[in-house]
Amino acid sequence: MSWGTELWDQFDNLEKHTQWGIDILEKYIKFVKERTEIELSYAKQLRNLSKKYQPKKNSKEEEEYKYTSCKAFISTLNEMNDYAGQHEVISENMASQIIVDLARYVQELKQERKSNFHDGRKAQQHIETCWKQLESSKRRFERDCKEADRAQQYFEKMDADINVTKADVEKARQQAQIRHQMAEDSKADYSSILQKFNHEQHEYYHTHIPNIFQKIQEMEERRIVRMGESMKTYAEVDRQVIPIIGKCLDGIVKAAESIDQKNDSQLVIEAYKSGFEPPGDIEFEDYTQPMKRTVSDNSLSNSRGEGKPDLKFGGKSKGKLWPFIKKNKLSLKLGATPEDFSNLPPEQRRKKLQQKVDELNKEIQKEMDQRDAITKMKDVYLKNPQMGDPASLDHKLAEVSQNIEKLRLETQKFEAWLAEVEGRLPARNEQARRQSGLYDSQNPPTVNNCAQDRESPDGSYTEEQSQESEVKVLATDFDDEFDDEEPLPAIGTCKALYTFEGQNEGTISVVEGETLYVIEEDKGDGWTRIRRNEDEEGYVPTSYVEVCLDKNAKGAKTYI
């Protein structure tokens, strides 16, 4: 099977077919190029997606990723990032192993095709030239033969005519001989050119054209083989990354299997546990006795007043709802977070303090390592004075030692607070008392100012107005009131001595000289609850108003 023998007369069709083959190869190159662009775009989108859902550093969102389910999600994002990398590898390998290689091959193929068809056209032009020479010699031979015949006929006519002179007859005879000789020469030339043309034609159809067409056939077959090899490479490039992609998917499955719901539940407990025990039962208050009633420390009315967080400007209090209270009407938030984290519930405060102690210990260790390094350097300077002056390190050594001492004092301070909290937690020494939910209402204990005095049942702590003041500690203090339908009755009136801007939640603004109703007197925390109308009520500093209580009002108490 050879194009040279089978397609000897299909030069133009072979030229069109080989051009079509090159077009197909260029189309395949374009297809692979677009595939690489798709892979790159897909990889870029995967990376952007992974980056979009990564937690931001030093943010609250990052703290939430301590749960196993969130960690698994982070692992999934990381695996997807690696997954995207494999698609980039596919794009790079296809570009280098297929696109670049085939593009270079197409250029070589075009040059080879151009050369082969140039040789074919050259052979065609040569045979056409030989054919034209043959036709020319043939026509000349034909013309000379006709001229010789006419000359012979003319001679014979002149020879038969008796009226023609002998000279004219001789002239006609010579002319006939000349024409006859020219015909013989044309015949010989025609015969020679014919033999040459037949030889050239035989060479053209049996040697030159078969050789040229064979080269074109081989060129076309190499193109087909090369295209098939490129398709195999195309599949192999994909197959090479399948194991790595499989590992990425295995990593996602492994991350999913590492999710521990029990561990996450425990982390929720550790994150939000307050350390308080549920409140105990409220004592029954008998209003039928004619004697003067002493309000119980656990009564509902007392919870409305005594449960207010002790406030101090510069301190902070976070009002939180108890499970059985519908809403919280008082949540004063003043100032920044206390250094001892007294605004947090006991358990959360303990964790924060422990974290702070650990951080300080790390800083101390870092400073000690630096001190040891300076000390070693100083010893080297002492042994080798040419390397440096030992006295130049004394200032730095003293500075580091001073930093260590400051950090130790700071650590001791936080360790003292930590010991105080750990000694106060219900699981350690107050569990039995918390379970009762009550203290002796007749003889409430009085203690000095400490973190325990600042405890409130919603899990917050407040600073005292004075370090020397004494307050009452109640196990069932409430910082909120029950959601009663009826407002508290007025127990007196007050006059504003100064203007007060109530910018915090639970406070109310007053203007100097304004008269308002008192609905709850100062319980020793420096705040008095007042009302302007049915909708406006809140707390103001007791020192800002002059209070006049109605002794006959229900719930009024007189401090002696």
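**Exercise 1. Is Y53 buried, partly exposed or exposed, and what is its relative accessible area?**

Before we start: this is a predicted model, where local features need pLDDT of at least 70, side-chain atom pairs count only at pLDDT 80 or more, and totals for chains, interfaces and linings use all residues. Residues are numbered from 1 along each chain as its sequence is written, and side-chain values use heavy atoms, with hydrogens and water left out.

*Solution.* Start with the cut-offs: buried is under 20% relative accessible area, exposed is over 50%, and partly exposed is in between (1.4 Å probe, protein chains only). Y53 has 39%, so it is partly exposed.

**Exercise 2. Classify the ring pair Y28 and F31.**

*Solution.* Rings of Phe, Tyr and Trp (its six-membered ring) pair if their centres lie within 6.5 Å; planes under 30 degrees apart are stacked, over 60 edge-to-face, and the rest tilted. There are 13 aromatic pairs in the structure. For Y28 and F31, the centres sit 6.0 Å apart and the planes meet at 35 degrees, so call this one tilted. Both residues belong to helix 2 (residues 11-52), three residues apart, about one turn of the helix; helices here are DSSP runs (H or I, at least four residues), numbered from the N terminus. Y28 is buried at 7%, while F31 is partly exposed at 42%.

**Exercise 3. Work out how Y53 and F73 pair.**

*Solution.* Their ring centres are 6.5 Å apart with planes at 70 degrees, so the pair is edge-to-face. F73 comes out partly exposed, at 33%.

Conventions. Helix = DSSP H or I, 4+ residues; strand = E, 2+ residues; numbered from the N terminus.
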